[in-house]
Amino acid sequence: MQEEPRPYPQPDRDSAPFWEAQRRHELLFRRCNGCGAFRYPMTLLCLNCRSFDFEWAASAGRGIVFSYTVVHHQTHPAFSVPYTMLLVEMEEGPRVVAQLRAPDGTAVSIGMPVHVEWEDHPDQPLPVFVPGRL
Amino acid sequence: MTTIRNKTAIAGIGQTEFSKDSGRSTLRMALEVILESLADAGLEPRDIDGIVRMSANDDVFEIDLLRSLDLPNLRFFAEIPHGGGAACGTIACATAAITAGMADVVVTFRSLNERSERRFGLSNLAGGLGGWMQYYLPHGLVTPAQWVAIFAQRYLYEFGHTTEEFGWVSVLCRKHAATNPHAMMYGRPITLEQHQASRWIAEPLRLLDCTLDTDGACAAIVVSAEKAKTLRATPVYIAAAAKGTGSRTEMMTSYQRASLVRLEEAEATARELYRVAEMTPRDIGMAQIYDHFTPFVLMALEAYGFAAPGEAPHLLREGRLELDGSMPMNTHGGHLGEGYLHGFGHIVEGVRQLRATAVNQVAGISNCIVTSGTGVPTSGLILSKEAY
């Protein structure tokens, strides 16, 4: 299928490793070397212990739907409607936005378990969420 | 402790017509409303020594006004960030400058061709794909309605409401706009059934939950309370002006914070407003609440203390926000009915109501709370008829 180009991210110094890992189909968080807490990728300084020190750690890819929206009004040519955007609370703690991939008519609800799968797009592989536990 | 309570006042206002196509530049409209607000106050351009502007989508800068108006005495200028969160913040900044002795006559304004030129409601890629937006835009979460829908779904889930509760906000604003000749939706009230029948934009938001991209401009002149008493227009005093922030903040996508059904920025703004004004929510007689999307109006009413969490729909159900209610809301029709000037129309309406010159005039009010953008670092005002 011919795909309209998505708005691809412009990685910066802080986010480049995050996006490089997605090319290997890995969803990374920052894990604090001070207290072990996971940080959302853009959080540089640990909110628990104020440590900058961290290592990139791959998510297990499991979470539950924290909220969602079904988009019906198309505003960008790359995103054909309808599609479902999920906000998923990952087991590690951070909440991640990605699309739902499920057969038409799949009911989505808050609290539903989902897991990460990967879709390859021309310039940037992206995670999607699939219903069910990994 | 000294506060800014009633130390400053709004001494002049201006507003263009609101439309889908202004037919002129944002600079032209900014100049029109600034001259109108100066005339309202009985001042001249040379009296202006301060300018506070809003960022994002507004491309009229101090330098354009300097070139166009010739302002030999300009000595203070500032820009307040975060889009619609800044509207009341411009007045707060003007108040800070005036009470610090750094300016005497400060112009604040908003001028937008947001319908005919740059539509904010379409895929919002203007800021590029760096920063926090790189985590959302590539997935297809690309518009303000979609960002807000994530919060709205959570509000329905946590409090067991239906989308009818959102609809009541829209019905109220359209009712007030219907009798406001200035409003985009003049003469066009809606019913709850029409709201429920309108098409989905991003569930749980329908078309009639979303504001209207609008062309137009507004301005307000801020001076000291003493100076305001010497000017042409009836002063409207600034009993309090404040800005507020929250935890783990992003522009419209603060999804990492503990609760998605509390507007932390508005709660912080509310605490400061009531402290400075020496008021409680029970003292407030009228509210102009920022309404780009209906769910955030409900959450804002809760954040500013007018209802417990999840209970703002009762205010609408009981008619308390109608023109004859205990705290009339968005008497001009708000963004949903009058037009979307990123919160500046709400300030101008608050001033008109306290001057008793509004089209939907409410009798006997002594103060009005005005709130700015939700989902972003925000700001608010308590305007007062008297310098108590």
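Visitor: How many residues of chain B are in contact with chain A, and how many residues of chain A do they meet?

Guide: On the side of chain B, 31 residues are in contact with 30 residues of chain A, where contact means that the C-beta atoms, placed from the backbone, lie within 7 Å. The model is predicted, with local features needing pLDDT of at least 70 and side-chain atom pairs pLDDT 80 or more, while totals for chains, interfaces and linings use all residues. Residues are numbered from 1 along each chain as its sequence is written, and chains are lettered from A and ligands numbered from 1 in the order written.

Two elements of chain B, α4 (144-159) and β5 (200-202), each give two or more residues to this side, and α4(B) gives the most, with 6 residues; helices (H or I, at least four residues) and strands (E, at least two) are DSSP runs numbered from the N terminus. By class, the side of chain B that touches chain A has 18 nonpolar, 10 polar and 3 charged residues.

Turning to the sheet of chain B, 9 strands form an open, mixed sheet in the order β3-β2-β4-β7-β1-β8-β11-β10-β9, with strands counted as paired when DSSP finds at least two bridges between them. Its edge strands are β3 (76-80) and β9 (287-288) of chain B, each pairing on one side only. Within this sheet, β1 (residues 8-15) and β8 (residues 236-244) of chain B run antiparallel and are joined by 2 bridges, and A9(B) stands opposite Y237(B) in β8(B). Beyond its neighbours within four places in sequence, I221(B) is in contact with residues including I10(B), A11(B) and G12(B).

Terms used
Contact = placed C-beta atoms within 7 Å. Nonpolar A, V, L, I, M, F, W, Y, C, P; charged D, E, K, R; others polar.
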